[in-house]
Amino acid sequence: MSKSSSVIEITVISAENLTINRRHRVKGNTFIVVKSDPLNSQSTGTDPEGGSYPAWNEKLIMELPVHVRFITVEAHSGSKVIGTASIPVSDFAGGHLPENYLSFLSYRLRDGNGDKNGIVNLSVKVKGTGNSGCAASCSRPWMGVPADNKVSGGMVMGIPVPYM
Amino acid sequence: MGNCFSDVKGGQQAIGGSVRAGGGGHGGSAASGPNDAVDYFFRAKGEHALFMPIELSLSASKLRDRDITSKSDPMAVIFTKRRNGKLEEIGRTEVIMNSLDPSWIQKINVTYQFEIVQHLVFQVYDVDTKYHNLPVKMLNLEDQDFLGEASCVVSEIVTKRERSLTLNLHSRGRPGFKHLGTLTVRAEEPVASRNTVEITFRCSALENKDLLSKSDPFLRISRTVETGGSVPICKTEVVNNNLNPIWKPVQLTMQQFVSKENPLVIECFDFNDSGNHQLIGKLQKSVAELETLYQSKSGAKFISPSSGFRRHEKVLKSQIIVEVYVEKQLYSFLDYISSGFELNFMVAVDFTDRCFPAWGFGGRTPDCSVSHCFNLNGSPSEFEVEGVDGMMAAYTSALHNVALAGPTLFGQVINKAADIARGSVSCNYAKYYILLIITDGVVTDLQETMDSVVRASDLPLSILIVGVGNANFKEMEILDADNGRRLESSTGRIATRDIVQFVPMREVHGGEISVVRALLEELPSQFLSYVRSKDIKPLNMS
């Protein structure tokens, strides 16, 4: 059983050192748009006061289609996009990270010219569906390595494998 | 006015009260790290920024009876043992009359420092009747009857679950077989240090002090002291060009404000690049009064103090409002480790230069491939060695099987440690990992290493790097982001927190501080920034 998408909870925390055209201070009314694919996007409210160091602490819930490898984060000031960052899905999902694990991540924003324009701070959690079997609930300290998907449809069992 | 801001950007950052939750280091101020003016102020007074004050209570049982007509009148004294073996007294209890099983009330304060070994020696004396009217500190120990001695290390006490340790008392100098009774030491953190209060301040109608634009206000909060002056405890970040600013939340610990009734001085300044900040207004409120302001949703007016132009104070229209007021319990490092959190060490040894023995990356294994991360014990699947002896045995055997090969690469070792740390997270197990890298070469794959460190920065892992030998380690210091610059990977990801501590051995060789101490100093705060950001509580706490 493979789902067509999972649900992720992104808390857009804050941004640092934003500028407009590298020189002017950002006046305000900045907001962040997160896109998981061209059809799925969500945005935060604006931060009127924060200027170059806005803070939103806003939680966005979105769908993450299973084929998506990157999600895009855009910083807007008024009607302009002043910076974007690309977040690989592997940074917060898959591999050994359990579901419902809260990852704190920060990324470099770059403007339209490719120049650096600050940093965006966020946290991401992949909402659990309860399907991952014993990896999330084992109390012994062994490392579960996900076995091949074709072994048993849907259930992932951790099997200790020689590590090198 | 006592300005000590060295650079504009640094000067604009919040100091002393930054909230450490939520990623530890987010939100504009890299100053949730330890380098700031207020921190130096406290250090100058002998208080280390991350010292953990604890109180020791003592009790004893089955003491020897030295008096003829009645029981002994015991008193206990605690000493620290200096490096040269000399004992230095740090405190004594009161005298309890007529008891061989005393429970002393007087507590003795000790500062627990994670990074050094603190030896304590306890001595129990029977105080002669003729001294019973003297204050305890005037008693001359040589005139009293010695009842027994015990010793231990502070960390032994605090890492026990009950934070209590029972020792056998023995005769001076050597642990004899005579049963002189037992001494129980219990450590407690003063309750005050766990209580914190998180306040979000907002101001309205601030006066304009700048000519061409609006004021750039920030707040400075100070605690009043008995001598009449005040000691700054924190300042907010600067909000530019705004007469109705709202600042990021400020977190004050009870250590900083001492009591909720203690009046705090809140001053609002207009930031100037020159360092000559102009006072917009000030007022005095205690934490309890700020709580009342919050609950009643009202503001308090600022006061402009008397100056040359005016002989009395003027009440301004500018107000301060408490937007958010939250009281929180902050678990300390000791809470976590005494509850059973494990700190796990992993060691990586440099094989690239024959000249520094005992210091396995950069080796060519029997199958002729160069490995930058091979198991020291030679096993293809098991990477663990047992204890220091196991390490030495593994190193010896590896020397026979592995040929030396450059260059010095860290990336793979760090990735391996990160995989282990990541694996433990999925099992909900209370473990924190520490990777110790000993190297005599400057890292050749700096970007790779930075990438690995950034990828590991959100995991329960700290990386301690010791540089031995004469190489120029300047580049390595970039990895240790103490100057506030967060590490950036080649894919555009920024480190969530600073997990690297780098110490060149040469630097500390001459000084008083040992390498181990310099390495371990940052560990408690790195550990706490991780557990607090993930809202992980000590084990068995509801």
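Predicted model: local features only at pLDDT ≥ 70, side-chain atom pairs only at ≥ 80, totals over all residues.
Local features were required to have pLDDT of at least 70 and side-chain atom pairs pLDDT 80 or more, whereas totals for chains, interfaces and linings use all residues. Residues are numbered from 1 along each chain as its sequence is written, chains are lettered from A in the order in which they are written, and side-chain values use heavy atoms, with hydrogens and water left out.

Helices (H or I, at least four residues) and strands (E, at least two) are DSSP runs, numbered from the N terminus. In chain B, an open antiparallel sheet is formed by 4 strands in the order S3-S2-S5-S6, where strands count as paired if DSSP finds at least two bridges between them. Strand S3 (87-92) and S6 of chain B each have a single partner strand and stand at the edges, so one side of each lacks a neighbour in the sheet. From one strand to the next, the twist averages 30°, with axes taken as lines fitted to C-alpha atoms and angles running from 0 to 180 degrees between N-to-C directions. Strand S2 (residues 74-81) of chain B is joined to S5(B) by 7 bridges. B:Ile78 has B:Phe122 of S5(B) opposite.

Over all chains, 6 aromatic pairs were counted; rings of Phe, Tyr and Trp (its six-membered ring) pair if their centres lie within 6.5 Å, and planes under 30 degrees apart count as stacked, over 60 as edge-to-face and the rest as tilted. The ring centres of B:Tyr125 and B:Phe146 are 5.7 Å apart with planes at 75°, so this pair is edge-to-face. B:Tyr125 belongs to strand S5 (residues 119-126) and B:Phe146 to strand S6 (residues 145-153) of chain B, so the pair ties together parts 21 residues apart in sequence. Both B:Tyr125 and B:Phe146 are buried (under 20% relative accessible area, with a 1.4 Å probe and protein chains only).

One aromatic cluster comprises B:Phe218, B:Phe269 and B:Phe271. The charged end of B:Lys235 sits over the ring of B:Phe218, 5.6 Å from its centre; this requires NZ of Lys or CZ of Arg within 6 Å of the ring centre and within 35 degrees of the ring normal.

Helix H9 (residues 446-456) of chain B is mostly covered, with 8 of its 11 residues buried, including B:Leu446 and B:Met450. The buried residues of H9(B) pack against elements including helix H8 (411-425) and strand S22 (461-467) of chain B, contact meaning heavy atoms within 4.5 Å.

The structure holds 0 disulfides over all chains, a disulfide being a pair of cysteine sulfur atoms within 2.5 Å. The sulfur of B:Cys268 is 4.9 Å from that of B:Cys203, its closest cysteine sulfur, too far for a bond.

Technical notes
Buried < 20%, exposed > 50% of the residue type's maximum accessible area, 1.4 Å probe, protein only.
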